[in-house]
Amino acid sequence: MMKKLLVSVVDDDRFFRESLQRLMRSLGYTVEGFPSAADFLASPRLTETACLIADINMPAMTGLELYRHLVDAERRIPTILVTAYPHDADRARALNNGVVCYLRKPVDEDDLKRCVSAVLTAGGTKAGDS
């Protein structure tokens with residue numbers, strides 16, 4: 001039996017984090033939620049994470065800072081960033097730095113499914129490379 005792929009959700013908004021976790025579980029993924037970037041970085045699940053969904057606007061460390069930290073530590077986890085405050089410059093910078101998707105909250109369920117599917121069916125390659 002194939003092991004389920006782990007999707008980690010990092011968002012300080014408990015309601016949003018839990019709704020994303022329910023959605024990912026309904027799609028058949030194993031999901032772990034974290035209220036902060038620090039909690040995710042300290043987690044033993046970090047190395048198992050096949051896809052990271054992170055909020056951009058969080059206290060202490062933003063989703064984009066979390067992504068940069070992972071890249072700098074040579075842990076390239078395919079990442080989807082979500083935000084209630086989208087900015088074209090941030091979007092361009094994130095995508096140019098290798099983030100797979102940059103989505104606006106409230107997240108369109110179909111867009112999120114497409115992004116996660118692209119990450120998890122890419123066989124370990126970044127979906128954003130095309």
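What is the torsion about the S-S bond of cysteine 101 and cysteine 115, and is the disulfide left-handed or right-handed?

Modeller: The torsion is about -100°, so the disulfide is left-handed. A word on the source: this is a predicted model, where local features need pLDDT of at least 70, side-chain atom pairs count only at pLDDT 80 or more, and totals for chains, interfaces and linings use all residues. Residues are numbered from 1 along each chain as its sequence is written, and side-chain values use heavy atoms, leaving out hydrogens and water.

Now the bond itself. A disulfide is a covalent bond between the sulfur atoms of two cysteines. Here the term means a pair of cysteine sulfur atoms within 2.5 Å. Cysteine 101 and cysteine 115 meet that cut-off, with S to S 2.1 Å. A search of the whole structure finds 1 disulfide.

Where do the two ends sit? Cysteine 101 lies in strand S5 (residues 101-104) and cysteine 115 in helix H5 (residues 109-120), so the bond ties together parts that are 14 residues apart in sequence. Helices (H or I, at least four residues) and strands (E, at least two) are DSSP runs, numbered from the N terminus.

Both cysteine 101 and cysteine 115 are buried. Buried means under 20% relative accessible area, exposed over 50%, and partly exposed in between (1.4 Å probe, protein chains only).

Cysteine 51 is in no disulfide. Its nearest cysteine sulfur belongs to cysteine 115, 8.5 Å away. Cysteine 51 counts as buried because its relative accessibility is 0%.
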